[in-house]
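Please keep the sequence and the model in view while going through the points.

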Amino acid sequence: MINIEHISKKYKNADNYSLSDLNLLIHEKEIFGLLGPNGAGKTTLISILCSLIKPTSGSFSIANLTYQKNKNQLKQLIGIVPQEYALYPSLTAFENLKYFGSMYGLKGKSLENDIHKHLEHLGLLAFAHKKIDTFSGGMKRRVNLIASILHNPKVLFLDEPTVGVDVQSKNVIIEFLQELNKNGTTIIYTSHHLNEAETFCSRVAIIDHGKLIIKGKPQELIDQSEGSHNLEDVFISLTGKALRDHA
Amino acid sequence: MHKLMASAYKEFLLLIRDIGGIAILFIMPLVLIVTITLIQDSTFKTISDAKIPILIVNNDHGNVSETILNGLKDSNTFEIILKDTEEIAKDLVFKGEYQLAIIIPENLTSGLEQKVSQNVDGIIAKFGLEEETDSSSNTIIQSKEVKLYFDPATQITFKSSVKNGIDKMVSKIETQSIYKAFQEQITDDPTEAIFETENFITFKEILPKENNKELIPNSVQHNVPAWTLFAIFFIIVPLSINIVKEKSQGTFVRLRTNPVSYATVLGGKTLIYLVVCLIQFVLMLMIGVYLFPAIGLPTLDISGRLPLLFIVAIFAGLAAIGLGLLLGTIAKTQEQSAPFGATFVVILAALGGVWVPVFIMPKFMQTLSNISPMNWGLNAFYDVFLRHGSLLDILPEISLLFLFFIATTLIAIVYNEKKNTV
């Protein structure tokens with residue numbers, strides 16, 4: 001589904017590579033977790049896969065399509081849930097969703113019905129016509145998610161979709177994503193919640209300093225790592241305990 | 001088209017949700033145009049209610065000083081305040097309490113009469129009409145000096161007009177004195193009119209006519225187009241802020257992953273902000289037509305010119321929007337876009353001739369003025385408002401405004417493309 005070959009990325013004026021010769025194959029209908037400490041290169045990789053930035057070298061394809069040749073087709077195929085809320089605060093949830101749906105060419109009653117269906121599913125129907133700036137963090141995250149799946153993407157990228165939300169919101173989001181996956185959506189997600197990733201992801205990859213350290217099914221990685229009882233143990237054993245502050 | 005309309009609708013919603021922003025967008029230009037027109041109106045009026053108080057120290061007390069004083073009073077521009085000494089008047093002016101003090105020297109009348117008599121006697125003697133030359137004709141009469149003290153803060157234009165006015169008055173007094181002296185020498189009958197003292201050469205301003213009616217420009221005809229254009233160009237501030245906000249709140253990142261072009265996103269903004277410009281324009285016209293006469297200002301005459309005025313407003317609006325799109329695309333923060341946008345509009349207005357007419361600018365600034373879109377817009381408005389031009393007359397200006405819109409928008413799109421492929 002997603003074939004990443006020798007991707008490297010060095011930002012302008014940066015001393016080091018954010019991604020270095022990364023190779024990865026993500027299969028169709030997988031829930032793939034990209035894990036790593038701060039500054040490991042997770043967001044950079046997702047940004048490259050969503051055509052937000054260009055890699056310095058290397059190539060990738062999604063469903064055998066590339067941005068060079070099939071830009072609009074690819075954009076129609078993918079959805080991205082960015083780390084920021086990426087919504088208009090002074091518009092209502094419904095207005096935001098209708099606008100972003102329109103950008104995929106969706107319109108009319110069918111779009112409105114879909115919006116209502118998803119809002120209801122994520123417990124937001126009663127707030128459909130309230131402005132986003134009155135929403136809590138968890139509510140915004142859920143609207144942010146709906147804005148990315150209105151066009152039924154085949155591949156959904158999520159950059160820390162559950163950061164800063166309460167347990168209830170997190171559960172609703174995870175269940176919703178699992179249902180999407182059951183219906184055929186490939187999910188690529190980044191998170192610092194390793195417990196969540198352990199149960200949610202079918203496979204994970206741990207990246208550090210822009211390099212792929214390990215990949216596999218969570219349980220397999222736990223079993224392979226001596227003395228590890230969960231994914232967090234594996235993660236610490238591979239990336240160390242040192243702080244990863246960077247500016 | 002569906003995406004463009006959806007983008008425009010979104011912009012419309014964003015705009016109407018910001019009531020404070022809308023109020024500023026529409027009310028401030030109206031306040032600006034009323035204030036500026038009220039201030040500038042006096043410079044276009046021949047009779048002004050507000051007279052400028054000036055100080056006079058009259059050391060002469062003769063006919064000449066009386067004529068000067070009457071001339072100043074009759075001008076209806078000045079309120080004459082008499083002071084006793086030059087020192088007092090000078091202090092008051094240099095402290096900035098008065099704009100001007102005029103010091104009329106001692107014996108100005110008698111000195112002028114003596115000087116003129118001396119000259120006339122000399123001429124008469126040369127013609128052999130006088131047998132004996134008066135001994136006084138050899139006396140050297142010192143020239144007299146009318147002193148002017150100006151407040152150092154006084155504008156040069158005001159100084160020049162006062163100096164010219166007094167110079168003209170003094171010349172007229174001298175001429176009349178010469179005629180009077182000749183009259184006295186040639187005839188004993190003071191009632192006999194030998195010389196015609198009125199000006200032989202006069203001038204008349206020929207104004208353009210429409211339907212045999214003279215079209216007299218007034219402050220409103222000048223101010224409304226100039227300040228309307230200024231207000232229209234101020235749209236670049238909210239527009240650039242709107243774009244910067246999209247970038248900072250993350251919606252722009254989402255749009256970049258959507259199958260929608262940056263041109264479509266900008267197109268939606270262009271449509272809505274163009275409507276804003278046109279509403280501003282209509283409000284400005286309504287102020288000129290309905291409010292100005294109610295507060296004692298001349299009425300804005302738009303009869304028969306509305307379609308052309310709208311054409312100019314549309315193209316001026318597009319040029320302003322193009323600039324706003326470019327600024328919003330390049331600026332990273334609102335702190336960059338807002339002050340830059342506001343200052344840049346003021347610079348463009350200055351270059352465009354909104355404050356100072358282009359023809360009195362230095363040569364270099366006149367050349368620069370030619371590349372100011374506000375100058376093109378102002379010329380197009382003046383063509384319609386004051387020169388009664390046709391569509392053909394404004395075609396060069398509106399073409400330039402349109403090209404400016406296309407160029408700035410294209411640069412914004414290319415810049416965005418380049419910036420986002422880093």
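1. In chain A of this predicted model, strand β1 (residues 2-9) and strand β2 pair in the antiparallel sense, and five bridges join them. A:Lys9 has A:Leu19 of β2(A) standing opposite to it.

2. This pair belongs to an open sheet of three strands in chain A, with the order β2-β1-β4 and antiparallel pairing. The edge strands are β2 (19-26) and β4 (57-62) of chain A, each of which pairs on one side only. From one strand to the next, the twist averages 15°.

3. Which helix lies across β1, β2 and β4 of chain A? It is helix α1 (residues 42-49) of chain A, which runs at about 120° to β1(A).

4. The two chains touch each other. Chain A gives 28 residues to the contact, and chain B gives 21 residues. On the side of chain B that touches chain A, the elements giving two or more residues are α1 (2-16) and α9 (251-257) of chain B. That side has eight nonpolar, seven polar and six charged residues.

5. The next points concern helix packing in chain B. Two packed helices are described by the angle between their axes and the distance between the axes. Helix α5 (residues 108-126) of chain B packs against helix α6 (residues 156-186) of chain B at an angle of about 50°, and the axes are 9 Å apart. That angle makes α5(B) oblique to α6(B), and the crossing is right-handed. From α5(B), the residues B:Leu112, B:Glu113, B:Val116, B:Ser117, B:Val120 and B:Ile124 take part; they meet B:Glu174, B:Ser177, B:Ile178, B:Ala181, B:Phe182 and B:Gln185 of α6(B). By class, the residues of this contact are seven nonpolar, three polar and two charged.

6. Helix α10 (residues 262-294) of chain B and helix α15 (residues 391-419) of chain B pack at an angle of about 140°, with 10 Å between their axes. Why are α10(B) and α15(B) oblique to each other? Angles over 145 degrees count as roughly antiparallel and those from 65 to 115 as roughly perpendicular, with the rest oblique; the angle of about 140° therefore makes α10(B) and α15(B) oblique to each other. Their crossing is right-handed. B:Tyr262, B:Ala263 and B:Leu266 of α10(B) meet B:Thr409, B:Ala412, B:Ile413 and B:Asn416 of α15(B). The residues of the contact of α10(B) with α15(B) comprise five nonpolar, two polar and no charged.

7. Helix α8 (residues 236-248) of chain B and helix α11 (residues 306-330) of chain B pack at about 35°, their axes lying 8 Å apart. The crossing of α8(B) and α11(B) is right-handed. Among the residues that make the contact are B:Ile236, B:Leu239 and B:Ile243 of α8(B), and B:Ala320, B:Gly324 and B:Leu327 of α11(B). The residues of the contact of α8(B) with α11(B) divide into nine nonpolar, five polar and no charged.

8. A last point concerns one residue, B:Pro339, which lies in helix α12 (residues 334-352) of chain B. Is B:Pro339 buried or exposed? B:Pro339 counts as exposed because 11 C-beta neighbours lie inside 10 Å, and a residue is exposed if the number is 12 or fewer. B:Pro339 and B:Met286 are 53 residues apart in sequence, and their C-alpha atoms are 30 Å apart in space.

Terms used:
Residues numbered from 1 in each chain as written. Chains lettered and ligands numbered in written order. Predicted model: local features only at pLDDT ≥ 70, side-chain atom pairs only at ≥ 80, totals over all residues. Axes fitted to C-alpha atoms, helices over the stretch in contact; angles between N-to-C directions. Helix = DSSP H or I, 4+ residues; strand = E, 2+ residues; numbered from the N terminus. Parallel < 35°, antiparallel > 145°, perpendicular 65-115°, else oblique. Left-handed = near helix turned anticlockwise from the far one by under 90°. Contact = placed C-beta atoms within 7 Å. Nonpolar A, V, L, I, M, F, W, Y, C, P; charged D, E, K, R; others polar. Pairing = 2+ DSSP bridges. Buried ≥ 20, exposed ≤ 12 C-beta atoms within 10 Å, placed from the backbone.
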